[in-house]
Amino acid sequence: MHKNLYPFILVSLTIISMGCATIIHGPKQNVAIVSEPRKASIIIDEIPVGYTPYLSKITRNKTHIVKIEMEGYQTYETTLKRKLDGWIFGNILIGGIIGIAIDAASGSMYRLTPKDVTVQLTASSAINHKTKDGIYFSVTLKPDPNWQKIGQLQKPIYGSPVR
């Protein structure tokens, strides 16, 4: 009779020694990153990872900074914050202290919010140009009244010499 009990005890100890959140969803979370227009650059924690639309597996154990950039558009930035996940409370019933410790060590005790990032990029009010000489200049449609004016482009009058 005792020989039949060993497999049951072994399986029970394995389940008890694992964290509930680790079993349910693991230490990484899928985060969908979508933008309009598409093909915008994605930078997570200062590391370029790809272009929108993108599905990223991100570790749950820390807060992450997500930037979405595209030339001619304002950069969008958001923070994926870690919050305590409800599955950690399953350890009270199943995993106990060992399960809580495993979930904490792996980062599985957290979930990232927002769950997904969807953004409509806003067109930039400044238009940047580069001359043949490698000089950059910007044209701003709505200048700030506090800026100091250093020059102004003028449309040439046809028929007059260009200076």
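The legends refer to a predicted model, in which local features need pLDDT of at least 70 and side-chain atom pairs count only at pLDDT 80 or more, whereas totals for chains, interfaces and linings use all residues. Residues are numbered from 1 along each chain as its sequence is written, and side-chain values use heavy atoms, with hydrogens and water left out.

**Figure 1. The open sheet of five strands.** The strands follow the order E3-E2-E5-E6-E7, with antiparallel pairing. Strands are DSSP runs (E, at least two residues; helices are H or I, at least four), numbered from the N terminus, and two strands pair if DSSP finds at least two bridges between them. Strand E3 (47-51) and strand E7 (110-113) are the edge strands; each has a single partner strand, so one side of each lacks a neighbour in the sheet. On average, neighbouring strands of this sheet are turned by 25° against each other, direction ignored; the axes are lines fitted to C-alpha atoms (for helices over the stretch in contact), and angles between N-to-C directions run from 0 to 180 degrees. Within the sheet, strand E2 (residues 41-44) and strand E5 (residues 64-69) run antiparallel and are joined by four bridges. Ser41 is placed opposite Glu69 in E5.

Figure 2. The structure holds two salt bridges, each defined as a side-chain nitrogen of Lys or Arg within 4 Å of a carboxyl oxygen of Asp or Glu. In one, the side chain of Lys67 meets that of Glu46 at 3.7 Å, N to O. This pair links distant parts of the chain, with Lys67 in strand E5 and Glu46 in the loop between E2 and E3, 21 residues apart. Glu46 counts as exposed because its relative accessibility is 61%; the classes are buried (under 20% relative accessible area), exposed (over 50%) and partly exposed in between, with a 1.4 Å probe and protein chains only. Lys67 also meets Glu77 in a salt bridge (4.0 Å, N to O). Here Lys67 in strand E5 is linked to Glu77 in strand E6 (residues 76-84), ten residues apart. Through shared partners, the salt bridges join Glu46, Lys67 and Glu77 into one network. Glu77 itself counts as partly exposed, at 47% relative accessibility.

**Figure 3. Thr52 and its surroundings.** Thr52 lies in the loop between E3 and strand E4 (54-59). Its relative accessible area is 1%, and Thr52 is therefore buried. The side chains of Thr52 and Ser35 make a polar contact at 2.7 Å. Such a contact is a pair of N or O atoms within 3.5 Å; within protein, one must be able to donate a hydrogen and the other to accept it, and residues adjacent in sequence count only if both atoms are side-chain atoms. Beyond residues up to four places away in sequence, Thr52 touches several others (heavy atoms within 4.5 Å), among them Pro37, Lys39, Ile42 and Ile68.

Figure 4. Most residues other than glycine have a negative phi, and most peptide bonds are trans. Glu36 and Pro37 are joined by a cis peptide bond with omega of about 5°, and Pro37 lies in the loop between strand E1 (28-36) and E2. Lys39 is exposed, at a relative accessible area of 56%. Asp45, in the loop between E2 and E3, likewise has a positive phi, of about 50°. A cis peptide bond also joins Thr113 and Pro114, with omega of about 0°; Pro114 belongs to the loop between E7 and strand E8 (117-120).

**Figure 5. The largest nonpolar core.** A nonpolar core is a set of buried Ala, Val, Leu, Ile, Met, Phe, Trp, Tyr and Cys residues joined through side-chain atoms within 4.5 Å. The largest one has 13 residues, of which Val31, Ile33, Val66, Ile68 and Leu80 touch the most other members. E1, E2, E5 and E8 are the elements that give two or more residues to this core. Leaving out residues up to four places away in sequence, the contacts of Ile68 include Ile33, Thr52, Tyr76, Val117 and Leu121.
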